[in-house]
Amino acid sequence: MKQKSFRLQNKSWLAALFLILIPTAALAQAEADSGKLAGPLETIFQQIIDILNLLLYSKIGGENGMPLIVLWLIVGALFFTLRMKFINIRGFKHAIDVVRGKYDDPEDEGDVSHFQALAAALSGTVGIGNIAGVAIAIRLGGPGAAFWMTVAGFLGMSSKFAECTLGQKYRIIKPDGTVGGGPMYYLSRGLSSIGMGGLGKGLAIIYAAFCAIATLGAGNMFQANQAYAAVSNALPFFSNLSWLFGIILVLVVGLVILGGIERIGAVAGILVPVMAVVYTIACVWVMLVKFTSIPGAIGTIVSSAFNPQAIAGGLLGAIVIGFQRAVFSNEAGIGSAAIAHSAARTDEPVREGIVALLEPFIDTMFICNMTAIVIVLTGVYADPASAELDGAKLSAASFETIISWFPYVIAIAGFLFAVSTMITWSYYGQLAWAYIFGDATINIYKVIFLVCGFIGTVINLDLVLEFSDISLLAMSLPNLLGCFLLSGVIARELNSYMTRLNSGEMLANVAETREPVLK
Amino acid sequence: MSCLKKKSVLIPIDFSEPSYEAIAIAKEYVEDISSLKLIHVLAPLHPADPAAMWDTLNNEDRQQKVQEFLHSKLDELGYKGVEIKVTIGKPGTEIIDYAKEIDADLIVLPSHGRKAMSHFLLGSVAERVVRLSHCPVLVLK
C-alpha cells in the first residue's frame with residue numbers, strides 16, 4: 001500500500017515534467033525558426049548579467065585591468081598555499097596513499113571511503129568544461145592562458161585543501177546516518193565556534209543563495225549549451241533543432257532528479273570514467289602522432305603566457321582568463337566540492353582535505369592540459385578558416401585533424417559529462433535551496449533547474465558563459481572570506497595531523513582498530 | 001471521561017523542539033501512552049549524494065538508524081514504549097497515508113517545523129495535513 005502510493009507520487013511528478021515540457025516544446029517549435037524564442041530570454045539574462053557585472057566585475061586599473069573577483073580568487077589561492085606551507089606539494093604523496101585506502105578505518109563515522117568521496121566530487125568538477133573550457137580560454141587568451149590555468153590549478157589545490165578540511169571538521173551526522181557538510185555548515189558552525197556566529201549565519205545564507213543561482217548557470221546551462229555544441233557538431237541533424245536536444249537532455253536529467261530513476265544516474269556514473277579514459281587515450285594518441293612538435297607546442301604555451309601579443313590586456317588579460325577558466329573547471333575556492341568530501345568516512349578532517357587537493361590536479365593540471373596541448377599541437381585555433389569555432393567545437397575540430405571520427409566520441413563524452421555534472425550540481429543547488437527555504441519546496445527548485453537547462457541549450461554561448469562565470473565566481477566571496485577567518489583553525493589541525501603522521505602512530509592505530517574486524 | 005479519550009493519536013516528528021513538545025500535549029488526549037504513534041518522514045536520497053552514488057547507505061539502514069535515534073531520544077524524554085514509524089517520501093503525503101492506515105483519531109503537530117522561516121504563514125506540511133487529513137488535526141502555535 002505504502003509502496004504503491006509512493007510510486008504513484010513519482011509518476012505524478014513525471015506527468016508534471018511532461019506538462020512543463022510540452023508547452024515549452026510547442027513554443028520552441030513554433031518560434032525557433034524565427035529566433036523569437038531566444039530573443040526575449042536573452043534580453044532577460046543580459047539584464048541580470050549587467051547587474052551582477054556591476055557588483056563583482058569592477059576592474060582595478062581601467063578597461064583591461066584585473067576584475068575584483070578574479071583578484072580575490074588569486075589572493076585566496078596564494079594565501080592558502082603560503083599559509084599552509086605548500087601543502088599542495090608536501091601533501092601530494094600522502095594524498096595518494098590515503099586514496100589507495102591505506103588509512104581507511106571502517107569504524108570511523110561517514111558514508112563513503114576517501115576514494116569514493118573523491119570520485120563523487122570529481123563527477124561535479126570533471127565535465128564538459130574540461131573539453132570546452134580550455135578551448136574557450138585559448139580562444140580568448142591565446143595559448144598562454146593554458147599556462148595560467150595550470151598555475152591556477154596548482155595554487156587552487158591549497159584553497160581546495162582548506163575548504164574541504166573545514167567541510168569535514170564542521171559536518172554533522174544526521175540521525176539517519178547521512179552527512180550534512182559543506183560551506184553552509186562551516187560558515188555557520190565554524191565561525192560561531194570562533195565567536196562570529198552572526199557573521200557566520202549571514203555568510204551561510206548568502207552562500208546558499210549564490211550557490212542556488214550558480215547551479216543554474218555553471219552546473220546546468222553551460223553544461224547543456226556545450227553538450228549541444230558537441231553533439232550538433234558531430235550530428236548535423238541537430239544543428240537547427242537545439243530545442244529538441246534541450247528536451248532530450250532535460251528529460252534524461254529530469255528522470256533522474258525528479259523521477260527518481262537512479263539507474264540512469266548509475267549508468268552515467270559508470271560511463272563517465274570510461275569516457276574520461278577514452279578521452280585521455282585519444283589525447284595521448286594525438287601527442288604520439290605529433291610527437292616531434294610537442295616541445296614546440298609547450299614552448300608556444302609558455303612563451304605566450306608571458307608575452308601574449310594578440311590579446312587585449314596583454315599579460316594581465318591572459319592571467320585573468322587562465323584563472324577564471326581554471327576555477328570554473330576545478331571549483332577551487334568556490335566551496336562546492338566540500339559538500340561531497342564531507343561524506344568521507346574519517347575522523348581526521350585534514351586527511352580528507354589532503355585527498356581533495358588531488359581534484360584540481362586531476363581536473364586542471366592533468367585533463368585540461370591534455371586538451372590544451374592537443375589544441376595547440378594541431379594548430380586549429382590559429383587557422384583563420386576556423387576563427388568562428390569556439391568551446392567544444394574548437395576542441396572537436398582539433399581532434400578531427402588527427403582522428404577523423406573523434407568528434408563522435410566528443411559528442412558522446414560531452415553528453416555524458418553534461419548529464420553527470422548536471423545531476424551532481426542539482427544536488428548542490430538543492431541543498432542550498434533547502435538551507436534557505438526548507439525541504440518541502442525542493443521540487444520547485446528542481447523544476448526551475450530543468451527549465452534553465454532547456455534555456456541553456458537554445459541561447460548562445462556568450463550569454464550562458466557570462467551568466468555562469470559571474471554567478472559561480474560570486475560563491476567565492478562568502479566562501480573564501482569564511483576560510484580566511486578560519487585559517488588559524490585549519491593551520492592548527494594541519495600541524496597536529498602532520499606531527500602525528502610523521503611519528504608513524506597513525507598507521508599503527510589503523511592496524512589496531514582493524515584487528516577485531518578481521519577476527 | 002475516559003470515553004472522550006482518543007484511541008490513536010499521531011504525532012509527526014522532524015527532530016525539532018516544537019515537534020517533541022507536541023508529544024506532551026498529545027499525551028493529554030489519551031489514556032495510555034501506547035495510544036500515541038510517532039512518524040518521521042525521511043526525504044529520498046538525491047542520486048548524487050555520495051552515499052547514494054556508491055550505494056553505501058540504503059533506505060532500510062537509514063530507517064533503522066532513525067528508529068534507534070528516536071527510541072533513545074524518547075527514553076530520555078520519558079516516553080518509553082511509544083510506537084515509531086519511519087517512512088521515506090513527501091512529509092505531507094506520508095503523514096496522511098499513515099494516519100489512515102492506523103485509523104488515527106487525531107493528528108498533533110506544530111505549525112512550523114525545522115525551517116521556521118515564515119511565521120506569518122502556516123508551514124507547508126501542516127497546511128497539507130490539515131487540508132487532506134481524514135481526522136481532526138491539532139495545529140500548535
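Biologist: Which residues of α16(A) are buried?

Modeller: In this predicted model, the buried residues of α16(A) are Pro349(A), Val350(A), Arg351(A), Glu352(A), Gly353(A), Ile354(A), Val355(A) and Ala356(A). Eight of the eight residues of this helix, which spans residues 349-356, are buried, so α16(A) is largely enclosed by the rest of the structure.

Biologist: And what covers the buried residues of α16(A)?

Modeller: The cover includes α5 (92-99), α6, α8 (144-169), α15 (337-341), α17 (358-378) and α23 (487-502), which belong to chain A.

Biologist: Turning to the largest nonpolar core, which residues touch the most other members?

Modeller: They are Phe161(A), Ala230(A), Phe323(A), Ile375(A) and Ile410(A), in a core of 176 residues. Helix α10 of chain A, residues 197-234, gives the most to this core, with 20 residues.

Biologist: What is Ile410(A) in contact with, leaving aside neighbours within four places in sequence?

Modeller: Ile410(A) is in contact with Ile131(A), Ala230(A), Ala234(A), Ala392(A), Ser395(A), Ala396(A) and Phe399(A). Another core, of 31 residues, lies apart from the largest one, and its members include Ala22(B), Val82(B), Ala99(B) and Leu106(B).

Biologist: Now the two chains: how many residues of chain A are in contact with chain B?

Modeller: On chain A there are 30 such residues, in contact with 29 residues of chain B. Each of α1 (2-32), α6 (114-125), α11 (242-257), α12 (262-289) and α19 (406-437) of chain A supplies at least two residues to the side that touches chain B.

Biologist: Which helix gives the most to that side of chain A?

Modeller: That is α19(A), with six residues. By class, the side of chain A that touches chain B has 13 nonpolar, 12 polar and five charged residues.

Biologist: Back within chain A, at what angle do α9(A) and α22(A) cross?

Modeller: The axes of α9(A), residues 183-193, and α22(A), residues 476-485, cross at roughly 40 degrees and come within 10 Å. The two helices are therefore oblique to each other, and their crossing is left-handed.

Biologist: Which residues make the contact?

Modeller: From α9(A) they are Pro183(A), Tyr186(A), Leu187(A), Gly190(A) and Leu191(A), and from α22(A) they are Pro478(A), Asn479(A), Gly482(A) and Leu485(A). The contact has six nonpolar, three polar and no charged residues.

Biologist: In chain B, what do the buried residues of α4(B) pack against?

Modeller: They pack against β1 (9-12), β2 (36-42), β3 (83-88), β4 (106-110) and α5 (124-132) of chain B. The buried residues of α4(B), a helix covering residues 91-101, are Pro91(B), Gly92(B), Glu94(B), Ile95(B), Ile96(B) and Ala99(B).

Biologist: How far apart are the axes of α4(B) and α5(B)?

Modeller: The axes are 8 Å apart, and the helices pack at an angle of about 35 degrees in a right-handed crossing. Pro91(B), Gly92(B), Ile95(B) and Ile96(B) of α4(B) meet Val125(B), Arg128(B), Val129(B) and Leu132(B) of α5(B) in this contact.

Conventions. Residues numbered from 1 in each chain as written. Chains lettered and ligands numbered in written order. Predicted model: local features only at pLDDT ≥ 70, side-chain atom pairs only at ≥ 80, totals over all residues. Axes fitted to C-alpha atoms, helices over the stretch in contact; angles between N-to-C directions. Helix = DSSP H or I, 4+ residues; strand = E, 2+ residues; numbered from the N terminus. Parallel < 35°, antiparallel > 145°, perpendicular 65-115°, else oblique. Left-handed = near helix turned anticlockwise from the far one by under 90°. Contact = placed C-beta atoms within 7 Å. Nonpolar A, V, L, I, M, F, W, Y, C, P; charged D, E, K, R; others polar. Core = buried A, V, L, I, M, F, W, Y, C linked by C-beta atoms within 7 Å. Buried ≥ 20, exposed ≤ 12 C-beta atoms within 10 Å, placed from the backbone.
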